[in-house]
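I opened this notebook to keep track of what I look up. I go topic by topic: aromatic rings, surface patches, then charged pairs.

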Amino acid sequence: MKGAILHSAFDNAHRSNWVRLRTLIYLRSIAALGQAAAILVGYYGFGLALNLGWCFVAVGAAAISNIVPLFIFPGNKRLSESEMLAILLFDITQLSCLLFLTGGMHNPFALLILAPVTISATALQLRSTVLVSGVAILAMTLVTWWYIPLATQSGYLLEMPEIFVFGFWTAVMIGILFLAAYARRVTSEVNAMADALVATQLALSREQKLTDLGGVVAATAHELGTPLATIKLVSGEMLDDIEDPDLRDDILLIAQQADRCRDILRSMGRAGKDDLHLRTAPIATVVQEAAEPHGTRGKTIVYHVAPLPGADERQPEIYRRPEIIHGLRNLVQNAVDFASTTVRIDITWSKDQIRVRIADDGPGYPAHVLPRLGDPFLRSRGAGDSNRQRPGYEGMGLGLFIAKTLLERSGAELSFANGREDGPGGGQPGASPGAIVESLWRHDEIALSPRDGRIALGLNRQIETP
C-alpha cells in the first residue's frame, strides 16, 4: 500500500504544473523574434516576394498571445495540463499558417514543428502528446499540398522537386513520431527515478526520526524527573499539615498521579537510553530487528548464523544505521509476501566481508523481470498474480528499489537470483527454489574495528532457529 500511496503522490498528471508561464513566454518570445528576423532577411536580404502584411499578422498573433498572459496571470503562474496543451496547439497552428504563406514544405523552417511536439512529450501526459503529434502531422500534411509558393521579387519560382518534398515530409513525420516517443520514454524514466529517490529519502528520514526519538525520550524523562520529585515531596509535606478530609484526598490524588508519571517516565527513559546506547550491535541482532515486524505474518523465518572458514567466531559488530535496518526490512517483507511457508536468512562473514542472504520457498522472480529488479515503478506482466498474492500492492517494485538504494548507500552490493536444485546452493541444507537476494558488505563499510573499543560479547556458534 505504501508504494501505491507514493505513486499517486507523484502522479504524472501534475507534471505540467511544474512549467512556469514566464519560462514559456521567454522561449516563445525568442521564437517570434526569430520568425520576424527570418521574414525580414528573406525579403530584404534574399529578395523573396513575401506578403509582409500577412506574415507579420501571423507573427503578431504569437506576440499578442505572449503579451496578454502577462497582464492576466502573476509572474509565478504554473501552467495546468489544459493550458499547456492549448498553448502548444496554438503554436502549431501559428507556425502552419506562416509556412502556408512562405512555401509550405519547400521552406526548410518547417522543421521547427518538432519543437512543440518535443515539449509536449516531456511535460504533458500521453494523451496530450498524442493529440499534439496528430495535429502536427495533419498540419504538415496540409501545407505540403496547399501553400503560397516561394518566389523571388523578379518572378523566379523557388520549388524543390516533388521527390525532395516527399522526402522532407517523410523526414518530418518520422521526426515527430520518433522524437515524441524518444523524449517521452527518457523523461518518464528520469521522472520515475526522481520520484523513487524522493520516496527513498522519505523512508530513510522516517527511519532516522524513529532512531533519534530514543534520545529525545531519554532526555525528556531526565528533565521531567526533578519537577515530579518536587511535586511528590511538597504534596507529602502538605498531607502532614492539612486535616480537611476533602483536601487530603485531593493532595493524595496529586501524589498518586505524580508517582504514575514517574513510573511512565522511568519506563520511557529506560527504553530511550537502551535505544540511544545501542548504536552498534552484532550483525544477527540488527537483521533480527529488521525482520521482527514480519515474524508474525504466518510464515516461518529461519536464521542461520555462522562464520565462514578462517573467520573469527565472534559476530561482527556493526552500526545500527537506519538505511541498513529499513533496507533489510523491505527485503524480508518481499520474501514473506511471496513465501509459501518459510523464509531463510543466512548471516555469514569472512575476514573481509559480511553477507546476508534472504531466500524464500515461493515461486521466485519472473524470468522477464529478474534483469530489471531494483528499477523504480516496475510493472511486470504478471502483475495480476502478484496482486492476488499481495493484496493492497500494485507491484511497482518501489519497495525493492528503496531497499536496494538504501543498502547500496551503506556500501552493500546486492544481487537477485532464483534458486534451483542444479544451480548454486542446490542440494545444500536450506537450499530453496524460490527467490534469493544477497547483500554483501566489506567489513570496513559497516563493522566496527577492534580499535573502536567494542566487540560482541562472547562467542557465537552456528545456530538454527525457527
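**Aromatic pairs**

I am working with a predicted model.

Where do Phe178 and Tyr182 sit? Both are in helix α7, which covers residues 162–241. They are 4 residues apart there, so about one helical turn separates them. I checked Phe178 for cover as well: its relative accessibility is 51%, so it counts as exposed.

Next I took Tyr365 and Phe416. Their ring centres lie 6.0 Å apart with the planes at 80°, so I log the pair as edge-to-face. Tyr365 belongs to the loop between β7 (353–360) and α11 (383–389). Phe416 belongs to strand β8, residues 413–418. The pair therefore ties together parts that are 51 residues apart in sequence. Is Tyr365 buried or exposed? Tyr365 is buried, at 11% relative accessible area. Phe416 is buried too, at 16%.

**Surface patches**

Asp244, Asp246, Asp249 and Asp250 form a negative patch. I located Asp244 in the loop between α7 and α8 (245–277). With 36% relative accessible area, Asp244 is partly exposed.

I also found a nonpolar patch of about 710 Å². Its members are Ile64, Ile67, Val68, Leu70, Phe71, Ile72 and Phe73. I picked out Ile72, which lies in helix α3 (residues 52–72). Ile72 is exposed, with a relative accessible area of 57%.

**Salt bridges**

Why look for charged pairs? Side chains of opposite charge can pair when their charged atoms come close. I found 12 salt bridges in the structure.

I looked at Arg314 and Asp312: their closest N and O atoms are 3.6 Å apart. Arg314 is partly exposed at 36%, and Asp312 is partly exposed at 45%.

Asp346 and Arg344 make a salt bridge at 2.9 Å, N to O. Are these two buried or exposed? Both are buried.

Glu445 bridges to Arg442, with 2.8 Å between the closest N and O atoms. Glu445 has 28% relative accessibility and counts as partly exposed. Arg442, at 46%, is partly exposed as well.

Last, I traced shared partners. Salt bridges link Arg344, Asp346, Arg355, Arg357 and Glu438 into one network.

Key
Residues are numbered from 1 along each chain as its sequence is written. This is a predicted model: local features need pLDDT of at least 70, side-chain atom pairs count only at pLDDT 80 or more; totals for chains, interfaces and linings use all residues. Side-chain values use heavy atoms; hydrogens and water are left out. Helices (H or I, at least four residues) and strands (E, at least two) are DSSP runs, numbered from the N terminus. Buried means under 20% relative accessible area, exposed over 50%, partly exposed in between (1.4 Å probe, protein chains only). Rings of Phe, Tyr and Trp (its six-membered ring) pair if their centres lie within 6.5 Å; planes under 30 degrees apart count as stacked, over 60 as edge-to-face and the rest as tilted. Patches are made of residues with over 30% relative accessible area and no salt bridge: like charges are joined within 9 Å, nonpolar side chains (Val, Leu, Ile, Met, Phe, Trp, Tyr) within 5 Å. Accessible areas come from the Shrake-Rupley method with a 1.4 Å probe; for residues, only the protein chains shown count as cover. A salt bridge is a side-chain nitrogen of Lys or Arg within 4 Å of a carboxyl oxygen of Asp or Glu. Lys and Arg count as positive and Asp and Glu as negative; His and the chain ends are not counted. The place of a charge is taken as NZ of Lys, CZ of Arg, CG of Asp or CD of Glu.
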